[in-house]
Each structure stands twice: as structure tokens, then as C-alpha cells.
Amino acid sequence: MSKFTYNNDLTAEQNTLCSKLCSLRMSKMAEELARQFQDPNEKLRTFDERVTDLINAERNFRDNKKFNSLIRQAHLKYSQADFDDSIYEPDRKLDFSTIERLEDCAWIDEKHNLLITGPSG
């Protein structure tokens, strides 16, 4: 469990609120709230915008944590593999539009299978 570190730039009430969020296991939400408390421009934003940022910070953190955990559990040979510029070299004679469609992973959401044939490398 993440513990909130007292922030001298926040009031006692603000520190208590952030600490309570951490005790509820919402550490990224607490960090975002502390950031909002310190930013004078945040008062210009609507309540909905501010709450959305709080929720998104926590959700993104949890999604990334889950993703990284699944990547580790998969024991992939090249866990840091990525589409880089070398895939688009003309001598590879690849269909760029197909590569871009594969890269956005929409085929996974659409529950399609992917079968790649031919020489590798």
C-alpha cells in the first residue's frame, strides 16, 4: 500500500484528504488531487473536468500496472518489441496500410485472428 507523504504546500485538511485516498488504495488519485490543490489555474476548471482528471489518473495507473504485469507473466522473448521505422523500409515490400491497421490492434477488439506466413526477418 502506498503511503502519502505530507506535503508542506498543502493545508492540513488537504493532506488528510490525500492521505485518506492513499489508505483507500487510490494513490494516483491522491497525487493528482495534490497537484490540483497546488495549481492555481485548477480553480478555473469545472468540477466535472477536475473529477474526470482524478479518475483518469487512477484508471490509467491501474491499466498500466495490469498491462505490465501481463507482459511479465507472458515471458515474451521480445517484451519491448515495437513498430519502428525499419518496418517501413521500401525493400521489405510491405503493405503500409495493413501494417498500420495491425498496429492499432483493432483486430483484437473485433475478435479476429491473425495468421502471418512467409519468411521472417
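This is a predicted model: local features need pLDDT of at least 70, side-chain atom pairs count only at pLDDT 80 or more; totals for chains, interfaces and linings use all residues.
Two packed helices are described by the angle between their axes and the distance between the axes. For helix H1 (residues 12-23) and helix H2 (residues 27-38), the angle is about 160° and the axes lie 7 Å apart. H1 is therefore roughly antiparallel to H2, angles over 145 degrees being counted in that class. The two helices cross in a right-handed sense. On the H1 side, the contact is formed by Gln14, Leu17, Cys18, Leu21 and Cys22. These residues meet Ser27, Met29, Ala30, Leu33, Ala34 and Phe37 of H2. Sorted by class, the residues in the contact of H1 with H2 comprise 9 nonpolar and 2 polar, with no charged residues.

H2 also packs against helix H3 (residues 47-74), with the axes coming within 7 Å and crossing at roughly 145°. The crossing of H2 and H3 is right-handed. H2 contributes Ser27, Lys28, Met29, Glu32, Leu33 and Gln36 to this contact, while H3 contributes Arg50, Asp53, Leu54, Ile55, Ala57, Glu58 and Phe61. By class, 6 nonpolar, 2 polar and 5 charged residues make up the contact of H2 with H3.

Glu32, one of the H2 residues in the contact with H3, is located within helix H2. The relative accessible area of Glu32 is 13%, so the residue is classed as buried, the cut-off being under 20%. When residues up to four places away in sequence are not counted, Glu32 touches Asp53, Leu54 and Ala57.

The largest nonpolar core consists of 10 residues, namely Phe4, Leu10, Cys18, Leu21, Cys22, Met29, Ala30, Leu33, Ala34 and Leu54. At least two residues of this core come from each of H1 and H2. The most is given by H2, which supplies 4 residues.

With neighbours within four places in sequence left aside, Leu33 is in contact with Leu17, Cys18, Leu21 and Leu54.

Notes
Residues are numbered from 1 along each chain as its sequence is written. Side-chain values use heavy atoms; hydrogens and water are left out. Axes are lines fitted to C-alpha atoms, for helices over the stretch in contact, and angles run from 0 to 180 degrees between N-to-C directions. Angles under 35 degrees count as roughly parallel, over 145 as roughly antiparallel, 65 to 115 as roughly perpendicular and the rest as oblique. A crossing is left-handed if the near helix is turned anticlockwise from the far one by less than a right angle, and right-handed if clockwise. Contact means heavy atoms within 4.5 Å. Ala, Val, Leu, Ile, Met, Phe, Trp, Tyr, Cys and Pro count as nonpolar, Asp, Glu, Lys and Arg as charged, and the others, Gly among them, as polar. A nonpolar core is a set of buried Ala, Val, Leu, Ile, Met, Phe, Trp, Tyr and Cys residues joined through side-chain atoms within 4.5 Å. Buried means under 20% relative accessible area, exposed over 50%, partly exposed in between (1.4 Å probe, protein chains only).
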